[in-house]
Amino acid sequence: MSESREGVNADTLGTPGKRVILVNGIPASGKSSLAVALSAKTGWLPLSLDGIKNPFLQRIEGVDRAFNRKLGQASYQVIWSIVADAPQGSTFIVDAWFGFQPKEVLSDYLTQAGVTQILEIWCQVSAETAAARYEARLGERVAGHLGAEYIPELKILAGKAQPMGLGPVYYSNQEFPVDINAIKSWIDNNLTR
């Protein structure tokens with residue numbers, strides 16, 4: 001983790017801490033689409049675990065599951081380093097399946113990054129929908145991601161995964177079209193400015 005530095009942006013002076021919107025859910029739950037739509041609605045920077053990891057997967061051959069996990073952990077660290085280096089008063093949208101690491105790891109990164117407010121959007125999805133989405137995009141994924149062999153595990157995960165619960169949680173039913181205006185309204189009602 002890099003050292004946090006004080007920002008000099010006049011718009012953020014006097015605004016304590018940093019705010020993070022966690023867009024959380026299992027793989028293929030609709031996190032990335034929701035995060036992109038929320039970023040377009042708010043202008044806040046989205047940081048995506050796959051967005052950081054995929055360029056490495058495009059250049060490194062023969063990535064197995066263990067190495068993929070190491071790249072995921074490093075990408076996770078990069079996200080929180082970016083947040084730590086941002087000016088006070090910044091707001092970020094962080095798109096990841098946070099359950100791949102213990103909750104304590106996330107708590108430590110949030111503290112080190114100077115995050116003082118956390119909201120979470122939990123992307124709920126059925127096992128069947130997650131499996132169908134995952135299977136449909138197998139041919140589009142960068143080599144190094146898990147393949148069809150992961151689908152049975154994903155279905156089990158869908159039945160037991162839970163939000164992190166480190167702040168207020170919005171439950172977004174991903175079986176239906178996302179109402180980004182409702183999500184933005186919930187954020188506005190829960191985010192301290």
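A residue is called buried under 20% relative accessible area, exposed over 50% and partly exposed in between, with a 1.4 Å probe and protein chains only. I keep that wording for all my entries below.

**Before starting.** The model is predicted, and I note that local features need pLDDT of at least 70, that side-chain atom pairs count only at pLDDT 80 or more, and that totals for chains, interfaces and linings use all residues. Residues are numbered from 1 along each chain as its sequence is written, and side-chain values use heavy atoms, with hydrogens and water left out.

**Strand 1.** I use helices (H or I, at least four residues) and strands (E, at least two) as DSSP runs, numbered from the N terminus. I looked up strand 1 (18–24) and found that seven of its seven residues are buried. Lys18, Val20, Leu22 and Asn24 lie on one side, Arg19, Ile21 and Val23 on the other, and both faces are covered.

**Partners of strand 1.** Two strands pair if DSSP finds at least two bridges between them. Strand 1 runs parallel to strand 3 (residues 91–96), and six bridges join them; here I located Ile21 opposite Ile93 and Asn24 opposite Ala96. With strand 4 the pairing is also in the parallel sense, over seven bridges, and Lys18 stands opposite Val115 of that strand.

In which order do the five strands form the open sheet? I read the order as 2-3-1-4-5, with parallel pairing. Strand 2 (45–48) and strand 5 stand at the edges with a single partner strand each, so one side of each has no neighbour in the sheet. From one strand to the next the twist averages 20°; for such angles, axes are lines fitted to C-alpha atoms, for helices over the stretch in contact, and the angles run from 0 to 180 degrees between N-to-C directions.

**Helices on the sheet.** Contact means heavy atoms within 4.5 Å. I traced helix 1 (31–42) across strand 1, strand 2, strand 3, strand 4 (115–124) and strand 5, and it runs at about 165° to strand 3. Helix 7 also packs on the sheet, where it touches strand 1, strand 4 and strand 5, and its direction makes about 155° with that of strand 4.

Ala28 sits in the loop between strand 1 and helix 1. I noted its positive phi of about 70°, although it is not a glycine, and I found Ala28 buried, with a relative accessible area of 3%.

**Aromatic rings.** Rings of Phe, Tyr and Trp (its six-membered ring) pair if their centres lie within 6.5 Å; planes under 30 degrees apart count as stacked, over 60 as edge-to-face and the rest as tilted. The structure holds seven aromatic pairs. In one of them, Tyr170 and Trp186 have ring centres 5.4 Å apart and planes at 55°, so I wrote the pair down as tilted. Tyr170 belongs to strand 5 (residues 169–173) and Trp186 to helix 7 (residues 180–190), so the pair ties together parts that are 16 residues apart in sequence. Both Tyr170 and Trp186 are buried. I also found a cluster in which ring pairs link Tyr76, Trp80, Phe98, Phe100 and Tyr109.

**Two helices together.** Last, I looked up helix 5 (residues 127–136) and helix 6 (residues 151–160), whose axes come within 8 Å and cross at roughly 145°. The residues making this contact include Ala127 and Tyr134 of helix 5 and Ile151 and Leu154 of helix 6.
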